[in-house]
Amino acid sequence: MASLHHSGRFCFLLSIISLVFSLFVNRSGAVYHGYVPSPWTLAHATFYGDETASETMGGACGYGNLITNGYGTDTAALSSTIFSDGYACGQCYQIRCVQSPWCYTGYTTVTATNLCPPNWSQDSNNGGWCNPPRTHFDMAKPAFMKIAQWKAGIVPVMYRRVPCNAIRKGGIRFSFQGNGYWLLVYVMNVAGAGDINQMWVKGTKTGWISMSHNWGASYQAFATLQGQALSFRLTSYTTKQTITAYNVAPANWNLGLTYQAQVNFH
């Protein structure tokens, strides 16, 4: 009985230690959970484009040139089942090939940058790989070639969501588009869970203005904000963590430019 008692106390203490390490405290004193990897789950993967990954540029998330914007060629288009109307943009996944003679060992980490739309003219098991309710990754060819021989075409994979911190260094970046009365912001280089659910903007002459989700990783505000330094507040889609990036853009900010904050998610 004594050994069982001590074993129970040890397990209890271990649980407490694990909880402490999984919690973070921000500057305002609020407590939130940092993002931790999800369990491994079975899916399938194909690839699109060639070794240059030129066909993967742009995409439904609106990241533009994936090379110059820091995403590289380790990217994937997600089936609509997990694309979540664009809220999955920026999420990071570890993918490894399984149960196929074409598999390589190990895994690669990709960022969700595009949507793989349904193809209802093809059977879900024969060409319509991204038809709901299938979970599918249509990877950039260089990324696919890290887990399997490209001749395979399609392979079973195991995947899991992982924190983006290892491949997202520095602060969140905000790329400005729109006009004098409409600010459209593409949010990039998001760490933590990699995704955004809500966003607000504040000028030096305004309060916090709620921004609506436009498409992919972009948010918009219908307001006249020129001539004001801008701050942003963001909430993660997955963890619900909220951070504030003060004075991201100076008062003389311009459309077509990208501004980087000093903060990011955990």
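Reader: What makes Tyr35 a contact of Val162?
Author: Contact means heavy atoms within 4.5 Å. Leaving aside neighbours within four places in sequence, Val162 is in contact with Tyr35, Pro37, Cys92, Tyr93, Gln94, Thr109 and Gly192. This is a predicted model, where local features need pLDDT of at least 70, side-chain atom pairs count only at pLDDT 80 or more, and totals for chains, interfaces and linings use all residues. Residues are numbered from 1 along each chain as its sequence is written, and side-chain values use heavy atoms, without hydrogens and water.

Reader: Why is Val162 called buried?
Author: Its relative accessible area is 5%. Buried means under 20%, exposed over 50%, partly exposed in between (1.4 Å probe, protein chains only). So Val162 is buried. Of the 266 residues of the protein chain, 44% count as buried.

Reader: How do you know that Glu51 forms a salt bridge with Lys141?
Author: The closest N and O atoms are 3.2 Å apart. The rule asks for a side-chain nitrogen of Lys or Arg within 4 Å of a carboxyl oxygen of Asp or Glu. So the pair qualifies. Glu51 is in the loop between strands S3 and S4, Lys141 is in helix H3, and they are 90 residues apart.

Reader: Why does Glu51 count as partly exposed, and why is Lys141 buried?
Author: Glu51 has 46% relative accessibility, so it counts as partly exposed. Lys141 has a relative accessible area of 7%, so it is buried.

Reader: What makes Lys146 and Asp74 a salt bridge?
Author: Their side chains meet at 3.0 Å, N to O. Lys146 lies in the loop between H3 and S8 and Asp74 in the loop between S3 and S4, so the pair ties together parts 72 residues apart in sequence. Lys146 is partly exposed at 45%, and Asp74 is partly exposed at 22%.

Reader: How do you know that Asp195 and Arg161 meet in a salt bridge?
Author: The N to O distance is 3.6 Å. Asp195 is in the loop between S10 and S11, Arg161 is in S8, and 34 residues separate them. Both are buried. The structure holds three salt bridges.

Reader: What makes the space lined by Asp195 a cavity?
Author: On a 1 Å grid over the protein atoms alone, a 1.4 Å probe fits there but cannot get out. Lining residues have an atom within 4 Å of a point; among them are Tyr63, Val187 and Asp195. The largest cavity holds about 60 Å³ of space. The count comes to one cavity of 30 Å³ or more.

Key
1 Å grid on protein atoms, 1.4 Å probe; cavity = no way out; pocket = protein on both sides within 12 Å on 5 of 7 lines; lining within 4 Å. Points joined across faces, edges and corners; volume = space filled by probe spheres on them. Helix = DSSP H or I, 4+ residues; strand = E, 2+ residues; numbered from the N terminus.
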